[in-house]
Amino acid sequence: MSTENVLHIEHLTMRFGGVVAVNDLSMDINQGEIVALIGPNGAGKTTAFNMVTGVYQPTEGKIFLHGQDITGRRPDEITKLGVARTFQNIRLFSSMTVFENVLTARHLRRTSNFLSATFRLNTAEEKKMRQETEDLLKEVGLSDVKDEKATSLPYGKQRLLEIARALSTQPKLILLDEPAAGMNPQETEELGAFIRQIKDKFHLTVFLIEHHMNLVMDISDRIYVIDFGKQIAEGTPAEVQNNPAVIAAYLGVDEEDEEAGKA
Amino acid sequence: MNNTTKKKADPAIFFSAVVVLCIYAAVFIAEQTIAPTSMLFTVLKKGATYALVAVSMNLLNGFTGIFSLGQAGFMLIGAYTFGIFTIPAAQRINVYQYYNGGIVQFSLPWFVAMLLAGLMAAFFAFLIGLPVLRLKSDYLAIASLGFAEIIRAVFQWDKLGVITNGSNMLNNYPTFNDFNIRNASGKVTVYLSTLVPFIIAGVCIGVIILLINSTYGRALKAIRDDEIAAEAMGIRLASHKRLAFCISSFFAGVGGAMLAMYQTTVQAKSFTTAMTYEILLIVVIGGIGSVTGSCLSSFLFVACSEWWLRFLDQKQVIGTFQVPMLRNGFRLVVFSVIIMIVVLFFRQGIMGTKELPDLFRSQHKKEKEAQGK
């Protein structure tokens, strides 16, 4: 691993009462990688995301971003440090237009305070924010719908808008929670190309959760597989695909096979 | 009162500015020509005051999604601050007759006192906000309501009488009528007692509109739409909610000072929960999330409750037929029914989330579409 480490997770555990949602998860993500976290439903993938982004405080373990301990920091602080995310169930600002959604995500990079913003002493900054938003929308191909209400967009475009909004916070690491959910095969393929494209364009590191295996195998550099909160495999797509533990987790195991495996 | 946003010359905003200016001109002309005792001016003065408070409440409830019911409390703080610091020193011995003239022995110009009223309300909001803003939805509403009630009791407390005059009223401070320009013999030459409150409210509402359309306003709307997403976009919830709470209270405080000027006397016991509900009603009827709606409905509300329905309180005879049921208090029954009808048929309020410029825009669009066809 010659490249720079972006995200380092150490023995991360999350318990909700008696339920262990994530159990002793450790992982490393390096600069410029696309890393996928996969696992059956309820395996604890989104919980892991929520811990990295500060929504949950991990019960045990530590999270480092560029070597800096961010365990237990607030979500907004973590976003400011360069981690952006999208949501599994789309969470756009429903009253706003596409443009405003993306523009609002620029708020955290402001230098103005509320007085200078109210009395328009920050026009240069505001102009810059608007211009950058305009450019970003062009980049992701949402320019033509920028004045439409975010929630009136078709589903696939809403997903795209979520990614655009996340990009607008100027992240170094972007977490995509099931970006292809509800997309048809063609859209999914386009999304894969899109993720690669933004990764190169914005020098991102991508960490994603996804159920569309074609997409995962196509774009990921490395894959972590978890089941019942525990990591069961890690490796390149080819390695993971042939890992018996992964196949077992996804397809279930006959008892005979299991015994045979042990033997 | 929409004189804002700084995109390229938008005709809709230009038209809106013209409409607002026309309203101000009409108020000025009406004031010079119609007898000052007319109910019209009562309605306009109180309406302007309520419009400001309603917009400030809308900033919180409609634009930030914080359901607070403390408005009357902040108005009370504003009204008292204004009263306490503007009573002329010579009058204090009469006003504070049970407290040896009180301990404040100076007086400030009205606009300084008004600013101070807002700042004082904002300061209290800051303190109250520390614990209260951690609560969610209805719990926050109950806590803020409780705060308003406590404030009302505290201001009537005998021990604070040297400052608040206890449960006695404050009076003899400048009122709206003092804005009229008089000649040497005391005769009014230019009536300004309605225009000045309009200007004060207009400036304040203008500032609120500027805030709403700034990057901070967008952040507040983001919090309203989705707290989790807003936080994930790097918006710090606690500080932004506190900001909205303090600014809203600042303008509620200024509104309280205006109410003090309108009423000519201030007494803590009149700042009841019912007052908060009246303002909440104005916000809901006008449209939660519409500044224009709050302004419009505030004047309609005040006009209905103070003026247009007055005839229902007296015996009315049409020809030889005496209309039944009309007696003192019947006005309120009809008023309630009207409000229920409005709420039933205008779920979104009069304006929904539209603003004045949007009205011109939608017309514009329709015209374009018509031309296209």
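Author: A residue is called buried if 20 or more other C-beta atoms lie within 10 Å of its own, exposed if 12 or fewer, and partly exposed in between, with C-beta atoms placed from the backbone. In chain B, 46% of the 373 residues are buried. This is a predicted model, where local features need pLDDT of at least 70 and side-chain atom pairs count only at pLDDT 80 or more, while totals for chains, interfaces and linings use all residues. Residues are numbered from 1 along each chain as its sequence is written, and chains are lettered from A and ligands numbered from 1 in the order in which they are written.

Reader: What radius of gyration does chain B have, and what would a compact globule have?

Author: The radius of gyration is taken over C-alpha atoms, and the globule rule is 2.2 Å times the number of residues to the power 0.38. For 373 residues the rule gives a value near 21 Å, and chain B agrees with 22 Å. Its C-alpha trace spans about 75 × 65 × 45 Å along the principal axes.

Reader: How many residues of chain B are in contact with chain A?

Author: Two residues are in contact if their C-beta atoms, placed from the backbone, lie within 7 Å. By that rule, 23 residues of chain B touch 28 residues of chain A. Helices (H or I, at least four residues) and strands (E, at least two) are DSSP runs, numbered from the N terminus. H9(B) gives the most to this side of chain B, with seven residues.

Reader: How do strands of a sheet pair?

Author: They pair through backbone hydrogen bonds, either parallel or antiparallel. Two strands count as paired if DSSP finds at least two bridges between them. In chain A, four strands form an open antiparallel sheet in the order S2-S1-S4-S5. Strands S2 (19-30) and S5 (68-69) of chain A stand at the edges with a single partner strand each, so one side of each has no neighbour in the sheet. S4(A), residues 60-65, pairs with S5(A) over two bridges; there, A:Leu65 stands opposite A:Gln68.

Reader: Which elements do the buried residues of helix H6 of chain A pack against?

Author: They pack against strand S6 (83-85), helix H3 (98-104), helix H5 (123-140), strand S7 (173-177) and helix H7 (185-201) of chain A. H6(A) is mostly covered, with 10 of its 14 residues buried, among them A:Leu160, A:Ile163 and A:Leu167. After H6(A) comes A:Gln170, with a positive phi near 60 degrees.
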